[in-house]
Every structure is written in structure tokens, then in C-alpha cells.
Amino acid sequence: MPHSLPSSPKSTPSDGRNGITKFTNCRILKNDKLVEEDLWVNSITGKIIRSQAAFYDDFILPDEVVNLGGRILSPGLIECQLNGAFGFNFSTLLEPAVYAKKVKELNKQMVKTGVTSYVPTITSQRSELYKRALPHLAPSGYLQVAEDGAESLGAHCEGPFLSPTKNGVHDVDVLRVAETFEDLEDCYGASNLNPETTFRPLPIKMITAAPERGQMTKLIPELTSHGIIYSIGHSEATYEEASAAVAAGATMITHLFNAMRPLHHRNPGIFGVLGEAESLPRPYFGIIADGEHLHPTTIKIAFNAHPDGFILVTDSMHLVGLPDGAYQWTNGENTSNILKKGNKLILEGTDRIAGSSITLIECVSNFLNWSGAGIPQALKAVTSTPAAMLGLQGIKGCLDDGADADMVVLSEKHKTDGSVELVVDEVWKFGTKVFSH
């Protein structure tokens, strides 16, 4: 497993303050329900604390009491597929100092959308880009600096070991086939894959690859033994090939239904591994609820097939937060233009969708209105479920004692058409307020 670094010690304030905040008059997301309950957090430890232990055992009074007026207090949102935002794309070849600066700027903007932690995604690129960019995308939360904004949970390499017939907008000229683990090291850089070569957190958290290509299925156990999640995606895999990948250790499916062999009544393809009768553990799966990638009914079918594996993702590009227009994108060996109109992104000269420019909370609102699911179920898809997929149960995506105090205050906006929109009012990171609407 990757080396874990201890949290940075924080100094106790010299003015006698204890760093404790009590949230009251709020509905907190707890065990798939919204519960009217107080919540106590400590900005010095960056953790959620047991209120009864703090008050009754130690007679501690909070520095601040925050009355939320009945609003929702949710764990901070977790984004598992973010290609970029606010003008910066992670798949960009820049000087190290410039790249690091861009990441920091994105983190401070990202947290304002309610996303407190995320998995930065690099698409299919030349080896040089992976080797240059990945060290800047390693997990950063161990530093526990609230003011830095959203934290990386480690990078997602979406490619280049993909099917050339299910490439989506990925450049087929940079796609590769892996026969040995050395092929992966040659592509991504050995230090980004092997925990024993570094004393910092391993940069790569997840790899999306087509299991039917080369010897990829046989390489899954070695990847997972390094603490790297294997996700099936951009693939022509049959049901049998997808099942073999799950048996080998694949635990995630990248943007289900998009860029994969479609469901067929005689061969259900990748979707088939979500069946409840399967003898194998059912994988988690990402769903893009932007109204472009999938029909709302398709999303409902996926949710009902395996609610506990359902993860909402944006697949957003650097055009998030930018006005409509044409924008350049480095796509493997080529430079392409992406046309933005609202949340819809199209690769210029084609009819192919090029990611999205939606925010994660907008995906939550869409799912809420399309599915008939309750608010707790919708929020679970961006909190506790992605946390479980990433192996971060009890640390992220929940409001349990000892969890990181990453929180979002949400209000419900009821529209005239009967739909509900969840609005991000405040964001707290490691127990410190970092955004207020």
C-alpha cells in the first residue's frame, strides 16, 4: 500500500480559543437520512468530534455556535472525474512551477462549488505529460491547510490503454497496449506507480483502461496491490471480459454507458456486471448527469440496478466557469478546439461530446429531479459512495466522529416547475469556513 503521511500538527491558538465550532438547527446527512442533530468540529485537528464527549466529559464550550436555520449540513462533495476547471486542464504540459500554481488556483475556485476533495483526471496523452504532471496531483490533504481549498485525493489516469473504437474524443494516435507492468511504468513513470520508490503519497489513485486490450486483465492484481484502483472504461469488453476484469480486482466503471459496448439482450456487456445475481462483488460506477451524456431514464435504470455503487461525476473540462465559445485543448498529439454552449461541449468538426462543464452540485440536483430519489440518496452519490470506492470510509464523505471536517451547507430552492435545486451556501474545510455565498 502507498505510504501514508501524518497530518501536519496544528498549533493551538494563543488567545485561549479551542477551535471548536458547534452547528445547530441543521439537518445533517447521517446513515442515508437527514437528521436534526447538532454537529461539533475542531479546526485545530481538522476533525469532527463527539459533542457529548466534548461537552459532558470535558465541559468544553465551543468558540462559535452556528445556527443554520434548518438548512442541510452535508459532508463535502467528492468529485471522481475532473479533467479541469476555471480555465485550467490537468492534461497540459507546463513548466513545473506554472503547473503547480495553476493547480493551487483551481483548488481555491473548486471548493466554492462545494467540492472539498477530488480526483484530478488526465486523459490519453504522451508519456512526457504524465511524468511531468502526475507529481503535482498526488494526494495533498495530509497538509491540512483549509485555506488551500479543495484537496487532491490522487490522480486518475483515463488512458492511454483504451480501445481505439471506444476512444470518445481521446486521440487514437497516443493510445497504447500493455503486455507487462513495465509498459505501464514506461507510460506513467515508475515512481508514480510504485509506493516503495517514494516517501510521499503515491500520485496515481486510479487508472481507467480497456481490460480486453493486450494483457491488461492480467495486470490488474499488480495494480491493485499498489493501492491503485482499476476502472473499466473506453472499452469493447464483452460481459465475459468485464466479468474477468472484476474477478481480477476491477472495482470501478468509468462513466457507465458512455464509450463502451452497449447493452445487448444477448450480451449485456460491461453493464451486466452490475447484476445482483452476480457471484462477483459488484463494482462502483460513475454516471454523468448533465442531460447530454445520458437520458434521465438510463440514469434511473443504472441507479436501480445497484444503488450502493452509484457515483455522480461531472467529467468536466477546463471550461467550467467560462463563457460560451471555442477553446483550445491539448489532445494527445493534436491541439483541438472544444465548442462550449451552456453545459454542452462538442469537439469542433464532430458531433462527439467532449466532457462537460457542469458542476457536481448541479448533477446532484438533476439526479434528484429525474430519479425521484430523496436528498439523502442523491448526496450519498457524491459523498459516502465515492469515499468507499476510494477506500476512504470514515475519513471522507461522512459526518462521523473522527472524520475530516469537510462540510457543505446547502439550501433547497423550489422552482415554479416543481423541481428542486440544491444551492451551496457555505463550505467548511478541516473545520474552517472557506466559502460563504
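In this predicted model, helix 2 gives the largest share of the lining of the second largest pocket, namely five residues. Helix 2 spans 96–110, and strand 12 (151–152) also supplies at least two residues of that lining. The pocket holds about 450 Å³ of space. Its lining counts 25 residues, and those nearest the centre are Asn107, His136, Ala138, Ser140 and Leu143. Sorted by type, the lining residues come out as twelve nonpolar, seven polar and six charged.

Next up is helix 5. This helix covers residues 216–225, and its buried members are Met216, Thr217, Leu219, Ile220 and Leu223. Just after helix 5 comes glycine 227, with a positive phi of about 85°.

Then there are the cysteines. With a disulfide taken as two cysteine sulfur atoms within 2.5 Å, the count is zero. Cysteine 26 is in no disulfide, and the nearest cysteine sulfur, from cysteine 398, lies 16 Å away. Cysteine 26 is buried, at a relative accessible area of 3%. Cysteine 398 is in no disulfide either; the nearest cysteine sulfur to it belongs to cysteine 80, 15 Å away. Cysteine 398 is also buried, with a relative accessible area of 13%.

Key. Residues numbered from 1 in each chain as written. Predicted model: local features only at pLDDT ≥ 70, side-chain atom pairs only at ≥ 80, totals over all residues. Heavy atoms only, no water. 1 Å grid on protein atoms, 1.4 Å probe; cavity = no way out; pocket = protein on both sides within 12 Å on 5 of 7 lines; lining within 4 Å. Points joined across faces, edges and corners; volume = space filled by probe spheres on them. Helix = DSSP H or I, 4+ residues; strand = E, 2+ residues; numbered from the N terminus. Nonpolar A, V, L, I, M, F, W, Y, C, P; charged D, E, K, R; others polar. Buried < 20%, exposed > 50% of the residue type's maximum accessible area, 1.4 Å probe, protein only.
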